[in-house]
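Work through the exercises below with the model open. Try each task before you read its solution.

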Amino acid sequence: MTVTLFEALREDHDTQRTLLDLLVRTEGASEGREELFGKVKSELQSHAAAEERALYIPMMEHDATQEKARHSVAEHHEIDELIETLEATDYSSPSWLSHAKQLQHLVTHHLDEEEHEVFQLAGRYLEEEQKQQLKDVYRHEMEEHRQ
């Protein structure tokens, strides 16, 4: 059975949830916190760029899916802003963990919304062949950004 675009996205969503769960369990200015934050940041940024290209740009071509796509892209920007806040905060600061938990909450909300609303909506408007092509676009973009 071939993997769909939505299944490929869900796989990466699971990775993001796991990384964020581990991140909020770290303590102080530890090497582990710094390394894990680097992984989280890289994963979230790569995923957002690839997802926008493979899912949200095609969704913006349909009137019925345009608003939901724009909302999701706006959430990507909110996530980017929170990552910048974390970068500007000392790892040992108590506010760092607070911001990390905000990031976890925001990302989890975003992923749940995508999986329960966006994917179903997009699934109705994107053609089957297009979904397969977009899965390839997504995977290619993820590889490009991960290098």
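**Exercise 1. Which residues does R139 touch, not counting residues up to four places away in sequence?**

Solution. 
- Contact means heavy atoms within 4.5 Å. By that cut-off R139 touches V3, A8 and E11.
- R139 lies in helix α5 (residues 128-146). Helices (H or I, at least four residues) and strands (E, at least two) are DSSP runs, numbered from the N terminus.
- Check exposure. Buried means under 20% relative accessible area, exposed over 50%, partly exposed in between (1.4 Å probe, protein chains only). R139 has a relative accessible area of 35%, so R139 is partly exposed.
- Compare with Q16. R139 and Q16 are 123 residues apart along the chain, and their C-alpha atoms are separated by 16 Å.

A note on the source: this is a predicted model, where local features need pLDDT of at least 70, side-chain atom pairs count only at pLDDT 80 or more, and totals for chains, interfaces and linings use all residues. Residues are numbered from 1 along each chain as its sequence is written, and side-chain values use heavy atoms, with hydrogens and water left out.

**Exercise 2. What span should the 19 residues of helix α1 (residues 5-23) have?**

Solution. 
- The expected span of a helix is 1.5 Å times one less than its number of residues.
- For α1 that gives 27 Å. The end C-alpha atoms are 27 Å apart, which agrees.

**Exercise 3. Which residues of α1 are buried?**

Solution. 
- The buried residues are L5, F6, A8, L9, D12, H13, Q16, L19, L20 and L23.
- They cover an arc of only 150° around the axis, so they sit on the same side of α1. The arc is that of the directions from the helix axis to the C-beta atoms.
- An α-helix has 3.6 residues a turn, so residues three or four places apart point the same way.
- The buried residues of α1 pack against α2, α4 and α5.

**Exercise 4. How many aromatic pairs does the structure hold?**

Solution. 
- Rings of Phe, Tyr and Trp (its six-membered ring) pair if their centres lie within 6.5 Å; planes under 30 degrees apart count as stacked, over 60 as edge-to-face and the rest as tilted.
- The structure holds four aromatic pairs.
- Take F37 and W96. Their ring centres are 5.7 Å apart and the planes stand at 80°, so the pair is edge-to-face.
- This pair links distant parts of the chain: F37 is in helix α2 (residues 31-60) and W96 in helix α4 (residues 94-125), 59 residues apart.
- F37 and W96 are both buried.
- Now take Y91 and W96. This pair is tilted, with 5.4 Å centre to centre and 55° between the planes.
- Y91 is partly exposed, at a relative accessible area of 22%. W96 has 0%.
- Ring pairs link F37, Y91 and W96 into a cluster.
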